[in-house]
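Good morning. Please have the sequence and the model open while I talk.

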Amino acid sequence: MNLEEYKAVIKPLLSEKRYHHSICVAKAAKELAKKYGADVQKAETAGILHDIMKDIPPEEQLEKMEQYGIRLTPVERAAPKLWHAMLGAAYLKEELHLEDSEILDAVRYHTTGRTDMTLMDKILFIADFISDDRDYEGVEDLRKAAKISLEEAMTEGFSYTIGDLAKSRKPIHPDTIAAYNQTVLAYHGK
Ligand code: DGI
Ligand code: FE
Ligand code: FE
């Protein structure tokens, strides 16, 4: 399927706002891919598709995850916001027969991150933070960081998310912590 066909697939699955967000993330991913030397078309596709399951009601998300054999850890069960990423990747594979592992992994890890993130993982993760529709406090810091380096932006992004989660006493996924530690040790461990 091409980009226009994927847009047509997500349109009925998403709210107007989330559809707009997906278009904006695709644009940001395209720009980052150009800047940092990734496959531009794959980055754009990952951006369009990354939140494909986000607006499905939680109970239905659980049902579908069961259907695809996704087993949840206690932290994952307690964090419904993580479901759409795990489920999204499975849905793309099972229902849309998307086989590209770079895109599938980028979608799978776009919310938590993980250790040893690929260039595509990083691009989608950051694009989701800095897309034109984002207006949270601190977004300009992230946009600036993304101009300096992907690593700079990753550090900024993880710190923001982890701080936010801890403030509201939410569980933090081990992948998020591992990704944060790896980034900080590699680039800020002096
Ligand atoms: O789907 P989006 O809203 O575009 O963005 P996203 O997929 O990055 O989801 C962001 C939400 O996910 C935000 O509310 C924080 C939450 N989140 C991210 N990492 C973790 C997490 N929630 C928990 N409980 N644990 C995490 O490690
Ligand atoms: Fe998401
Ligand atoms: Fe998103």
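**One arginine and some rings**

Arg143 is placed in helix α9; helices here are DSSP runs of H or I with at least four residues, strands are runs of E with at least two, and both are numbered from the N terminus. This is a predicted model, in which local features need pLDDT of at least 70 and side-chain atom pairs count only at pLDDT 80 or more, while totals for chains, interfaces and linings use all residues. Residues are numbered from 1 along each chain as its sequence is written, chains are lettered from A and ligands numbered from 1 in the order in which they are written, and side-chain values use heavy atoms, leaving out hydrogens and water.

Is Arg143 buried or exposed? With a relative accessible area of 19%, Arg143 is buried. Buried means under 20% relative accessible area, exposed means over 50%, and partly exposed is in between, with a 1.4 Å probe and protein chains only.

Now its partners. The side chains of Arg143 and Glu140 are joined by a polar contact of 2.9 Å. Such a contact is a pair of N or O atoms within 3.5 Å; within protein, one must be able to donate a hydrogen and the other to accept it, and residues adjacent in sequence count only if both atoms are side-chain atoms. A polar atom of the Arg143 side chain also lies 3.2 Å from the backbone oxygen of Arg134. Setting aside neighbours within four places in sequence, Arg143 is in contact (heavy atoms within 4.5 Å) with Ile130, Ser131, Asp132 and Arg134.

On to the rings. How many aromatic pairs does a search of the whole structure find? It finds 5. Rings of Phe, Tyr and Trp (its six-membered ring) pair if their centres lie within 6.5 Å; planes under 30 degrees apart are stacked, over 60 edge-to-face, and the rest tilted.

The pair of Phe125 and Phe129 is tilted, because the planes are at 55°, with the ring centres 5.3 Å apart. These two residues are 4 apart in helix α8, so about one helical turn separates them. Both Phe125 and Phe129 are buried.

Tyr136 and Tyr160 also form a tilted pair, at 5.0 Å between centres and 40° between planes. Tyr136 lies in the loop between α8 and α9 and Tyr160 in helix α10, so this pair ties together parts 24 residues apart in sequence. Tyr136 is buried at 17% relative accessible area, whereas Tyr160 is partly exposed at 32%.

Finally, ring pairs link Phe125, Phe129, Tyr136, Phe158 and Tyr160 into a cluster.
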